[in-house]
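Reader: Hi! Could you walk me through this model in plain words?
Author: Happy to, here it is.

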Amino acid sequence: MHRPRRLRRTPALRNLVRETHLNARNLVLPLFVSEKLDRRRPIASMPGVFQLSVKEVVDEALAAQELGLQAILLFGIPAQKDDRASGAYAENGIVQEAIRAIKLKCPDLVIISDVCLCEYTSHGHCGVVHADRGNFHVLNDESVELLVKSALSHAAAGADIVAPSDMMDGRIGAIRSALDDTGFDQIAIMSYAAKFASAFYGPFREAAESPPQFGDRRSYQMDFANAKEALHEVALDIDEGADIIMVKPAMPYLDILWRVRERFGKPTAVYHVSGEYAMVKEAAEKGFLNERDAVLEIMTALKRAGADIVVTYWARELAKWLHE
Ligand SMILES: [Zn+2]
């Protein structure tokens with residue numbers, strides 16, 4: 001008779017044979033910085049997550065570093081939006097200011113900057129929109145030009161990694177060559193390579209003030225039914241020069257994560273998104289499950305499925321829990 005239970009008998013035996021270990025060094029904390037605020041504003045749908053002023057985002061970055069975190073992912077909310085997303089690539093834009101301010105206080109912290117247009121466009125789409133007789137089109141190559149300008153401005157401000165999250169075709173190659181041509185060949189690209197059009201982004205849009213004013217994002221984000229296409233998207237981004245590839249969302253896409261990690265062997269990130277966060281928070285608040293136990297299980301599962309890097313709104317709490 002086989003007795004696998006022998007190695008589950010005590011905590012020490014279980015630790016001895018544990019295959020997957022969480023580490024604060026692989027976590028990335030998303031932070032939202034707003035040009036419109038002097039004081040933090042809570043996001044109603046995401047308890048514990050806030051929009052911050054530049055001064056507060058610096059304090060948060062410092063606090064994160066003291067907890068043992070090494071990387072943040074920065075999103076900006078501008079005071080003004082327009083149809084060309086000009087705040088996204090303004091030299092003194094909110095994200096550019098925040099990057100400079102954080103680098104001054106935390107030079108060793110890895111700053112990953114979100115590169116997209118949806119927080120900065122008046123219509124809330126991730127690219128330039130062309131409307132024609134009741135229909136609208138998100139123009140690919142025109143959008144890529146603005147994404148390139150955004151990425152360059154983040155690099156100039158001091159970002160270590162730029163993270164295009166828009167899903168336009170060809171943007172990784174365009175950003176890579178623009179960075180290389182302007183002396184930023186050491187700035188890495190984390191590509192949102194397989195980003196699915198998902199219902200689980202709902203709360204984020206309140207945090208980033210970026211809901212589309214019309215239509216949806218299904219003409220650029222991926223159909224959630226497609227796995228082979230995700231591998232194709234990842235292959236393209238690697239070919240164009242992505243250093244880290246990302247799958248988003250996380251829990252409903254563990255199969256994608258696993259296949260991407262197995263197939264390409266590249267540093268692979270996963271974004272545990274706002275809706276996934278809100279579900280657990282809400283259930284924990286009602287007493288339906290234990291937040292800490294659930295989060296440790298989820299995060300371990302993401303690593304087990306192949307994630308090297310996990311972007312999560314629980315990064316701070318996890319750093320504390322893992323230290324205890
Ligand atoms: Zn976007």
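Author: Helices (H or I, at least four residues) and strands (E, at least two) are DSSP runs, numbered from the N terminus. This is a predicted model, where local features need pLDDT of at least 70, side-chain atom pairs count only at pLDDT 80 or more, and totals for chains, interfaces and linings use all residues. Residues are numbered from 1 along each chain as its sequence is written, and side-chain values use heavy atoms, with hydrogens and water left out.

Reader: How many bridges join strand 6 to strand 7?
Author: Five, linking residues 128–132 to residues 135–139, and the strands run antiparallel. Asp-132 stands opposite Asn-135. Two strands count as paired if DSSP finds at least two bridges between them.

Reader: Nice. Which residues are the protein donors of the zinc ion?
Author: Cys-116, Cys-118 and Cys-126, each through SG, at 2.2 to 2.3 Å from the ion. Their spacing along the chain is C-x1-C-x7-C. Donors are N, O and S atoms within 2.8 Å of the metal (3.2 Å for Na, K and Ca); water is not among the atoms, so sites may look incomplete.

Reader: Are Cys-118 and Cys-126 buried or exposed?
Author: Both are buried. Buried means under 20% relative accessible area, exposed over 50%, and partly exposed in between (1.4 Å probe, protein chains only).

Reader: Changing topic, where is Ser-113 found?
Author: In strand 5, residues 110–115. Ser-113 is buried because its relative accessible area is 0%.

Reader: And what does the side chain of Ser-113 make a polar contact with?
Author: The side chain of His-154, at 2.8 Å. A polar contact is a pair of N or O atoms within 3.5 Å; within protein, one must be able to donate a hydrogen and the other to accept it, and residues adjacent in sequence count only if both atoms are side-chain atoms.

Reader: Where is the place of His-154?
Author: In helix 4. His-154 counts as buried because its relative accessible area is 3%. Leaving out residues up to four places away in sequence, His-154 touches several residues, including Ala-88, Gln-96 and Asp-114. Contact here means heavy atoms within 4.5 Å.

Reader: How many residues does the largest nonpolar core have?
Author: It has 110, and those with the most contacts inside it are Leu-74, Ile-102 and Tyr-271. Helix 4 (residues 140–157) gives the largest share of this core, seven residues. A nonpolar core is a set of buried Ala, Val, Leu, Ile, Met, Phe, Trp, Tyr and Cys residues joined through side-chain atoms within 4.5 Å.

Reader: What does Ile-102 touch?
Author: Not counting residues up to four places away in sequence, its contacts include Val-57, Leu-74 and Ile-111.

Reader: How many residues of helix 9 are buried?
Author: Nine of its twelve, so to speak mostly covered. The buried residues of helix 9 pack against helix 6 (202–207), strand 11 (268–271) and helix 10 (291–304). Gly-287, with a positive phi near 85°, follows helix 9.

Reader: Last one: what about Trp-321, buried or exposed?
Author: Trp-321 is buried, with a relative accessible area of 15%. Trp-321 sits in helix 11, residues 315–323. Beyond four places in sequence, Trp-321 touches Arg-292, Val-295, Leu-296 and Trp-314.
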